[in-house]
Amino acid sequence: MKIGAENRAKLGAMVVLLVIALISVWHWMSSSAPSSAASPNTSAGTGPATTTAPRSTGTPRAFTKKRTANRNNPVVASLDPTLRFDLLRSSESREYTGGRRNIFETEAIVIPTPLPPTPKPQPGPSLPPQPPPPPPINLKFYGFASKAGETKQIFLLSGDDVFLAREGEIVNRRYRVIRITNNSVEIEDVLNNNRQTIPLTAS
């Protein structure tokens with residue numbers, strides 16, 4: 001496989017050289033054919049004499065115009081590879097002045113001070129929930145059941161029920177009679193630990 005690749009490369013190079021040789025021969029034959037055809041006629045004297053225009057050895061006009069145009073056009077003239085020492089000397093003598101701002105000095109940057117955040121109103125201390133008021137004692141002081149000089153005994157009314165009670169007794173299984181006076185009675189609710197004074201109801 002390696003020998004075949006080398007042979008193909010050599011064969012390709014030979015073909016390229018052969019094509020170049022053929023083109024050179026054809027170009028040489030086409031350029032020398034008119035001069036060889038004209039020489040017999042001149043030597044024999046049978047044909048009209050042909051005059052060959054003298055070849056100018058100076059600079060062609062087209063090239064002269066092109067160079068003139070290049071001098072007038074600064075863009076095209078800048079492409080001229082000739083080293084210009086006068087331009088180098090002028091660039092060396094030029095002094096850099098710079099702008100008004102000094103690039104080596106830092107300017108002070110003023111950063112605005114942020115405003116402090118507005119404090120949020122703090123909620124006040126929460127009050128503990130108040131206990132519900134005690135239920136009222138559903139009794140009425142209706143009158144006295146005792147006579148003068150006897151231990152005081154009173155009538156207590158709860159709806160349609162009538163109770164007789166002395167001091168220290170419990171009525172309706174929850175109300176204790178604490179103290180009896182001539183105009184009122186002090187009752188304690190033993191279930192709610194609540195005391196209330198009930199006035200005497202006029203009959």
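These are my notebook entries on what I looked up in this predicted model.

**Ground rules.** I number residues from 1 along each chain as its sequence is written, and my side-chain values use heavy atoms, with hydrogens and water left out. Since the model is predicted, I take local features at pLDDT of at least 70 and count side-chain atom pairs only at pLDDT 80 or more, while totals for chains, interfaces and linings use all residues.

**Overall layout.** I began with the elements and found 4 helices and 7 strands in the protein chain, where helices (H or I, at least four residues) and strands (E, at least two) are DSSP runs, numbered from the N terminus. Read from the N terminus on, the order is α-α-α-α-β-β-β-β-β-β-β. Of the 203 residues in the protein chain, 11% are buried; buried is under 20% relative accessible area, exposed is over 50%, and partly exposed lies in between (1.4 Å probe, protein chains only). The protein chain exposes about 18,500 Å², of which carbon and sulfur atoms supply 60%; these areas come from the Shrake-Rupley method with a 1.4 Å probe, and for residues only the protein chains shown count as cover. I also looked up contacts (heavy atoms within 4.5 Å): among those in the protein chain with a separation of 6 or more, 27% link residues 24 or more positions apart.

**Helix α1.** Val19 has its place in helix α1, residues 2–44, and counts as partly exposed because its relative accessibility is 43%. Together with Leu11, Val15 and Ile23, Val19 makes a nonpolar surface patch of about 370 Å². Patches take residues with over 30% relative accessible area and no salt bridge, joining like charges within 9 Å and nonpolar side chains (Val, Leu, Ile, Met, Phe, Trp, Tyr) within 5 Å; a salt bridge is a side-chain nitrogen of Lys or Arg within 4 Å of a carboxyl oxygen of Asp or Glu.

I next followed the loop between β1 (140–144) and β2, where Gln153 is found. Gln153 counts as buried because its relative accessibility is 15%, and, leaving aside neighbours within four places in sequence, its contacts include Phe144, Leu164 and Arg166. Ser158 belongs to β2, residues 154–158, and at 13% relative accessibility Ser158 also counts as buried. With neighbours within four places in sequence left aside, Ser158 is in contact with Asn138, Leu139, Phe163 and Asn172. β2 runs antiparallel to β3 (residues 161–165), joined by 5 bridges; two strands pair if DSSP finds at least two bridges between them. Leu157 stands opposite Val162 in β3, and in the hairpin of these strands, with 2 residues between them, Gly159 takes a positive phi near 65°.

**The open sheet.** In what order do the 4 strands of the open sheet stand? The order is β4-β5-β6-β7, with antiparallel pairing. β4 (170–171) and β7 (194–199) each have a single partner strand, so one side of each is left without a neighbour in the sheet. β4 pairs with β5 over 2 bridges, and Ile170 stands opposite Arg176 in β5. Their hairpin has 3 residues between the strands, and Asn172 takes a positive phi near 55° there. The hairpin of β5 and β6 also has 3 residues between its strands, which are joined by 5 bridges. In β6, Arg176 has Glu188 as its bridge partner, and Val177 has Ile187.

Asn193 lies in the loop between β6 and β7 and counts as exposed because its relative accessibility is 65%.

**The nonpolar core.** Which residues have the most contacts inside the largest nonpolar core? They are Leu139, Leu156, Val177, Val185, Ile187 and Ile198, in a core of 13 residues; such a core is a set of buried Ala, Val, Leu, Ile, Met, Phe, Trp, Tyr and Cys residues joined through side-chain atoms within 4.5 Å. At least two residues come from each of β2, β5 (175–180) and β6 (184–189), and β5 gives the largest share, 3 residues. Leaving aside neighbours within four places in sequence, Ile187 is in contact with residues including Leu139, Leu156, Val177 and Ile198.
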